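Keep the structure open while you read.

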Amino acid sequence: MPPDPKHAAHFDTNRQWWDGVVPIHEASRGYNRPGFLRGEKPLCPVEHAELGPLVAGKKLLHLQCHFGMDTLNWARLGATVTGLDFSLPAIEAARRLSADSGIPGRFVQSNVYDAAAALGEKFDIVYTGIGALNWLPDIRAWARVVASCLSDNGLLYLYEGHPMLWTLDQERDDDLLVVSERYFEEPEPMVFEGDTTYVDGPKFEPRRTCEWNHGLGEIVTAVVDAGLRIAFVHEHREVPWQALPMMEAVGPGTAGADGRYQSNRMWRLPEAQRNLVPLMYSLLAVKSGA
Ligand SMILES: C[S@@+](CC[C@H](N)C(=O)[O-])C[C@H]1O[C@@H](n2cnc3c(N)ncnc32)[C@H](O)[C@@H]1O
């Protein structure tokens, strides 16, 4: 079953937000489009290590692909890729990135909940994450979409912000970890208003977003109930964006004047807090054969 029709207005609000931020992201240092074209904007180390060895020669579907950078990075590792996103400017930007890089990819505009009908084919791998599930109201309906897009024995790989990370107050400047948002999925969205995105770029007129959290148990159970067998769930201490002001950069990256929002950078909590809370998780699951 698709999500409750009352979410149509929430999807509209979110699509308008995403339509507006696509050009900002294309021009940002954080996404680093010129670096991607030079082959210098790889996948995150965790997903590269965990899924990278499995993609060559496979048909991979990237749900909520934004402007296709991660999608095309999987193609660089040998996958035949399709990206799906509900933002037309994102899909058009993904097609431009494919043309400019010479990396083939198919890009389809659709709400993720209508993916099976919009795509009309099955895939060996469904990949998604890094800020995808928080835009979706119904995690159980999402898991059924994933299952319907997979061939028998196909894989779901998810690399996503941990639901505990989404509960933390992101505005504080006193270095405290404070739980201020919901952990569990609720039918009504959490409504936020802001004038910036999660990477560098100009401010815009404040705009709203409608978001939902989903507990780790809710996600895992939704995947199992949709007919997939879970191979692993790993929780991580590093996150691919500066999620909280006190986070420090890890590993290689391009230093910028303000020290923030650099590409190829992972972020982690200071040492004293590093074992207090997971920041990301990765999940691999297999769709059982008939
Ligand atoms: C943070 S991006 C995730 C992609 C990738 N990790 C990245 O950073 O480029 C989230 C994407 O989800 C898309 N999105 C949000 N809600 C959606 C929905 N209901 N159906 C399809 N796409 C959706 C947005 O348009 C956006 O491009």
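Contact here means heavy atoms within 4.5 Å. Leaving out residues up to four places away in sequence, T71 touches H62, C65, V81, T82, G83 and F107. T71 is buried, with a relative accessible area of 0%. Buried means under 20% relative accessible area, exposed means over 50%, and partly exposed is in between (1.4 Å probe, protein chains only).

A word on the source. This is a predicted model, where local features need pLDDT of at least 70, side-chain atom pairs count only at pLDDT 80 or more, and totals for chains, interfaces and linings use all residues. Residues are numbered from 1 along each chain as its sequence is written, and side-chain values use heavy atoms, without hydrogens and water.

T71 lies in helix α4. Helices (H or I, at least four residues) and strands (E, at least two) are DSSP runs, numbered from the N terminus. Six of the eight residues of α4 (residues 69-76) are buried, so α4 is largely enclosed by the rest of the structure. The buried ones are M69, T71, L72, N73, W74 and A75. Just after α4, G78 takes a positive phi of about 105°.

Now take V239. Not counting residues up to four places away in sequence, V239 touches L165, M247, M266, W267, L279 and M280.

Next comes a sheet. Three strands form an open sheet in the order β9-β11-β10, with antiparallel pairing. β9 (238-239) and β10 (248-250) stand at the edges, each with a single partner strand, so one side of each is left without a neighbour in the sheet. Two strands pair if DSSP finds at least two bridges between them. Three bridges join β10 to β11 (residues 266-268). In β11, R268 is the bridge partner of E248.
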